[in-house]
Amino acid sequence: MTAPWPQGSATEPPTHEEMLTYLEELGIWITDSRSALDRIDHQIQGTQQGPVDMAMTLTVWQTIQDRYTDLLNIWDSGRVIETDLKKLAIMIWANLNDMLTPGTSLSSGGGLSVSLPEACRMLEALISQLTTRYQLADVPNEASTRIAALLAQVERIRDQVKLDPPEVRATTGTQAEALATSVKDLVEKMNRGGDIGGILGPIEIKAAQLERDLIVSNAERSMASQRFSQASDHRAALLDHEKKVRTLVATTKASVDPAPKYAVPEVEALGEVPTGGQELEAYIAKLKQVTQAFDTVSQANNQALHHKEKLTERFHQAQQRGGTGELLVTLENQITDLLDTAPTPMAILEPLIESYEAAGAQS
C-alpha cells in the first residue's frame, strides 16, 4: 500500500473532508507498515546486519507514528475550526526534526529533518530495501507483484526528480531514466519467459537507494532555502533595528553625561547572506550575535535615560513637598540649571538632588 499524499500545503490547508480522508488513510498505512516491519523483523532474526537496519527503519516509523498521534490530538475527532486546520497543515509539512540521531544526517546514517509525507515515502523505500536485501517475499513466486511495485516506485522517483533544480536534475534525471530502462528491460525479459530472479533484487535495492537519496537531497535543499529566507528576513529586520538603536544612542548622548560607551554593530559589514552550507550557518550565528549586541546597547541606553527621568521625578516631588531656606533655593536653582544642560552631568545631578531632598526634609 502506497502512503497517502495530503492535499493542500502548509500555507493552503486542506478542507475538513480532505483532512479526514488523509488522516484515515494515513492511519491505515501506518498500521500496515508496522505489520510489514514486524514480519520482516521476525524473519531476519539471527542475521548480523538485520538488527542495525531494522533499528533505523523502526525509528523512522516511530517518528511518523508520533507525528500522527499529535495530528489526531489536534484533530479531536473532527472538532476543529479553520485555525486548527492551518495548524494541522503546518504540522504535516513541517520538518520532523532529529528523526534519528540529533545533529547528524540520514545520508550518513543519522537523522534528517523531512516533512511527514517525505518521511512516509522514505519509510516505503527502506521497507522495500530490507525486503529485497533479505529476500523476504510473502509468497515464493511474487515477481509480478514486485515488478508492479517497482514500476510505481520509478514513477515516484521521476516525480521527485522534477523537484530538483536544473543543475541537479541533469544528473538525477539521467539516473532515474537509467533505472527506468533497467526496469523496462526486466519486464520484457520476464514477458519472454526469462529468469529474472538474479537481477530483480539488485534493481529494487538501487531504486530504493535512489528514491531515498532524492528525498534526502530535496529535504536538505528545502531546509537550506528556509534557512536562507529566515536569514534574509533577519538581516532586513536588523538593518531597520540598527537605525532605531543609533537614534536611541544619539538621544542618550545628547541627554546624559556620561552615556553608555557600547559600540553599535554595522549590519552592512556582514555582507550579503550566503546561499547555503557552513557559510550560511556561520552568517546566521553572526546575526544572532548582532541581535544580542543591539539588545545590550538598547538596554544600557534606556537605563541611562530612565535613570535621569527618575531623578527628575524625585526632584519635582521634593519641590511639591515645599520647604524654605536659602540652601533649598540655591540647590533648586543649581538642579534646574543642570537639567537644562545638554547633556546633563549625571555625576553632579544625583548628589545635588539627594542634598535637596535632605534639606527639604529638615526645613
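This is a predicted model: local features need pLDDT of at least 70, side-chain atom pairs count only at pLDDT 80 or more; totals for chains, interfaces and linings use all residues.
The protein chain contains 10 helices and two strands. Along the sequence these elements follow the order α-α-α-α-α-α-α-β-α-α-β-α. Of the 363 residues in the protein chain, 40% are buried. Among contacts with a separation of 6 or more, 72% are between residues 24 or more positions apart.

Two helix pairs were examined in terms of their axes. Packed helices are described by the angle between their axes and by the distance between those axes. Helix α5, spanning residues 143–161, and helix α7, spanning residues 197–255, have axes that come within 10 Å and cross at roughly 25°. Because angles under 35 degrees count as roughly parallel, α5 and α7 are classed as roughly parallel to each other. Their crossing is left-handed. On the α5 side, the contact is formed by A143, R146, I147, L150, Q153, R156, I157, Q160 and V161. The α7 side contributes L200, G201, I203, E204, A207, A208, L210, E211, L214, I215 and N218. By class, the residues of this contact comprise 12 nonpolar, four polar and four charged.

The side chain of E211 makes a polar contact with the side chain of Q153, at 2.8 Å. Beyond residues up to four places away in sequence, E211 touches R121, A125, Q153, R156 and I157.

From α8, the residues H307, K308, L311, R314, F315, A318, Q319 and R321 meet M346, L349, E350, I353, E354, Y356 and E357 of α10. The contact of α8 with α10 is made up of seven nonpolar, two polar and six charged residues.

When neighbours within four places in sequence are set aside, N301 is in contact with L248, V249, T252 and P260. The C-alpha atom of N301 is separated by 9.2 Å from that of K261, although the two residues are 40 residues apart along the chain.

Backbone geometry was considered next. A cis peptide bond links D257 to P258, with omega of about 5°; P258 is located in the loop between β1 (256–257) and α8. Another cis peptide bond joins A342 and P343, with omega of about -5°. P343 is situated in the loop between α9 (326–340) and β2 (344–345).

Positive phi values occur at D76 and S77, neither of which is a glycine. For D76, phi is about 50°, and the residue lies in the loop between α2 (50–75) and α3 (82–93). D76 is partly exposed, with a relative accessible area of 33%. Phi of S77 is near 60°, and S77 is likewise placed in the loop between α2 and α3. The relative accessible area of S77 is 62%, and S77 is accordingly exposed.

Technical notes. Residues are numbered from 1 along each chain as its sequence is written. Side-chain values use heavy atoms; hydrogens and water are left out. Axes are lines fitted to C-alpha atoms, for helices over the stretch in contact, and angles run from 0 to 180 degrees between N-to-C directions. Helices (H or I, at least four residues) and strands (E, at least two) are DSSP runs, numbered from the N terminus. Angles under 35 degrees count as roughly parallel, over 145 as roughly antiparallel, 65 to 115 as roughly perpendicular and the rest as oblique. A crossing is left-handed if the near helix is turned anticlockwise from the far one by less than a right angle, and right-handed if clockwise. Contact means heavy atoms within 4.5 Å. Ala, Val, Leu, Ile, Met, Phe, Trp, Tyr, Cys and Pro count as nonpolar, Asp, Glu, Lys and Arg as charged, and the others, Gly among them, as polar. A polar contact is a pair of N or O atoms within 3.5 Å; within protein, one must be able to donate a hydrogen and the other to accept it, and residues adjacent in sequence count only if both atoms are side-chain atoms. Buried means under 20% relative accessible area, exposed over 50%, partly exposed in between (1.4 Å probe, protein chains only).
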